[in-house]
Amino acid sequence: MSGSCKNCSGRSLFRDDVSGNLICSSCGIVQEFDNYDAQLGGLNGPQGTFVRVGTSGSGSVLNYKDKKIYEAQKIIEDITFRLGFSASKSNDVRILVSTITEGEYGQGDWFSILVGACSYVSMRKDNRPLPMSEVASTIECDLHELGRMVLRVVDFLDLKGPAFPGFDIVGSLERAARNSPSFSKVEADTLDVIVKQGIFLLQCAMKWFLTTGRQPLPMVAAVLVLVSGLNEVNVSIDDVAMEVHAKVSTCKKRYRELLGALVEVGKKLPWGKDITKRNIVKNAPFVIQYMELKSMSNTCGQGKNFEDVGIDLQAAVSECLRKELQYESEVNNLEDDSQYFELIGNSWRDESSCDDRNKLNISHECLSLIYTKFLDEMAHLRSSGGINEIYGRKLGRKAGFQSSTEWWEGKSQLSKKLLLHQLLETDIGLNGMPPSFVTSCNAYKRRKEKINAAKNRIQRIMLPSHAAIGDVNAEKERKRKRAIGIEWEDIIIETLLLHDVKEEEIEKGHYNALLDLHVFSSWRS
């Protein structure tokens with residue numbers, strides 16, 4: 001062959017019979033661009049060596065559009081399978097994607113986000129719980145990016161009102177409890193009780209506006225953790241938060257808010273002044289029982305007062321005192337709890353001799369007297385050393401709550417999903433306000449106090465002769481200033497007041513906008 005090798009400059013070249021490439025026999029290098037065959041004659045010209053005209057690639061007999069549709073349907077099938085959809089629901093998602101894309105489907109990362117958005121919208125249309133965070137985790141995309149795609153899908157389909165119902169937070173709790181790995185080893189009967197108690201407590205949280213304007217899943221996780229502990233099922237809030245696809249820090253914050261609301265309800269009990277966030281978990285069964293009986297008394301026509309409903313006072317007070325004794329003396333469980341109840345049971349026999357103690361009709365005053373008597377006996381036991389004698393043999397095993405069947409009846413209408421207007425009309429002993437509203441009101445009040453304090457400081461400096469000599473408020477302000485000093489917010493408020501900004505605008509707290517509008521603009525001019 002003519003020519004020389006481009007690697008070793010040798011002239012021993014030969015052409016391979018299979019590939020047609022020119023190869024150097026000395027060094028074995030394949031020569032480049034030797035067998036180039038120009039495709040002349042237009043689209044119907046001769047075939048190339050390695051490319052077949054009119055196909056979408058090697059080994060495929062589909063054209064570009066058919067292959068794109070085939071790959072898109074594979075993506076839809078894969079995502080719906082990972083979300084656990086049935087065949088019919090997967091077909092609904094496929095039809096929805098085809099409608100939006102006008103049968104063209106698509107390729108790329110955006111198409112997976114579109115399939116996830118259509119899956120979420122399809123489930124919402126059927127009023128079935130599917131958290132958006134779970135969809136985002138499945139398709140591995142940003143939650144906000146998925147949310148924007150959902151809004152575009154809803155706007156394109158013009159879904160409004162009943163055609164696109166709100167997120168089913170109650171159904172989401174039941175779905176999380178029954179599908180979560182943390183509850184996989186829980187017995188069916190116990191799990192049913194956990195679900196009913198969770199629905200009851202979750203709807204109480206909705207009535208207290210703890211879910212208003214917030215992501216629902218952190219509250220679902222908080223409720224599940226609380227009711228699980230009451231039923232002696234140990235679950236971690238970190239694990240539950242991960243399983244429901246919620247942030248752990250937010251779940252812990254909702255848990256604290258839920259405990260705070262229960263403390264407010266617990267204050268209505270005769271021993272409510274002793275209930276705090278530290279011991280509310282031990283008193284939670286009785287607080288929840290009170291809320292359950294309160295809601296049942298309103299719906300059953302038995303009256304509006306707590307005295308009109310029956311409650312097992314012996315079990316309630318005895319259990320509460322037993323927990324308090326264990327907490328304060330830092331000891332756990334008795335080998336035989338009957339010794340403790342035998343000790344305090346005589347007091348109950350003196351107070352009541354009715355045959356059915358589960359149906360007592362007793363006033364708050366009488367119950368308070370009984371509880372005071374128990375506290376006196378407890379103080380006497382402490383002073384005489386009787387507590388150590390009773391509890392001294394039980395330091396190794398931690399005490400648990402009573403079985404849920406002893407304090408939970410599950411007959412309240414709040415144990416099943418209610419409409420919003422029915423929920424708001426139900427009395428559970430506490431009418432809360434949205435936490436964001438309360439926080440905003442407190443912030444307005446705090447800024448109002450800072451404005452008044454700033455006005456007093458300005459007046460003392462600009463008009464010292466008009467300042468009151470014995471002004472008590474001025475003296476308090478001077479003490480506060482010496483104690484903690486003037487904060488950056490106080491300096492900003494003083495600056496805005498000196499630039500004649502209205503107090504109503506300052507109270508809103510938009511300091512950056514006000515500074516740019518009234519202070520920095522004058523400097524630029």
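**Briefing on a predicted single-chain model**

Ile 461 lies in helix H17, which spans residues 435-462; helices (H or I, at least four residues) and strands (E, at least two) are DSSP runs, numbered from the N terminus. The model is predicted, so local features need pLDDT of at least 70 and side-chain atom pairs count only at pLDDT 80 or more, whereas totals for chains, interfaces and linings use all residues. Residues are numbered from 1 along each chain as its sequence is written, and side-chain values use heavy atoms, with hydrogens and water left out.

**Overall composition**
- The chain contains 21 helices and two strands.
- Of its 525 residues, 42% count as buried (buried is under 20% relative accessible area, exposed over 50%, partly exposed in between; 1.4 Å probe, protein chains only).
- The accessible surface of the chain is about 30000 Å², and carbon and sulfur atoms supply 52% of this area (Shrake-Rupley method with a 1.4 Å probe; for residues, only the protein chains shown count as cover).
- Among contacts in the chain with a separation of 6 or more, 64% join residues 24 or more positions apart (a contact means heavy atoms within 4.5 Å).

**Nonpolar surface patch**
- Ile 461, Met 462, Leu 463 and Leu 498 make a nonpolar surface patch of about 450 Å².
- Patch members have over 30% relative accessible area and no salt bridge; like charges are joined within 9 Å, and nonpolar side chains (Val, Leu, Ile, Met, Phe, Trp, Tyr) within 5 Å.
- A salt bridge places a side-chain nitrogen of Lys or Arg within 4 Å of a carboxyl oxygen of Asp or Glu.
- Ile 461 counts as exposed, because its relative accessibility is 69%.

**Helix H19**
- Helix H19 covers residues 488-498, and its buried residues are Glu 489, Asp 490, Ile 492, Ile 493, Glu 494, Leu 496 and Leu 497.
- Asp 500, which follows H19, has a positive phi, near 60°.

**Ser 228 in helix H8**
- Ser 228 belongs to helix H8, residues 216-230, and is buried at a relative accessible area of 0%.
- A polar atom of the Ser 228 side chain lies 2.5 Å from the backbone oxygen of Leu 224.
- Beyond its neighbours within four places in sequence, Ser 228 is in contact with Phe 183, Ile 194, Val 233 and Val 235.

**Cysteines**
- The structure holds zero disulfides (a pair of cysteine sulfur atoms within 2.5 Å).
- The cysteine sulfur closest to that of Cys 5 is in Cys 27, at 3.6 Å, and is therefore too far for a bond.
- Cys 5 is buried at 2% relative accessibility, and Cys 251 is buried at 0% relative accessible area.

Key
Polar contact = N/O pair within 3.5 Å; in protein donor to acceptor, adjacent residues only side chain to side chain.
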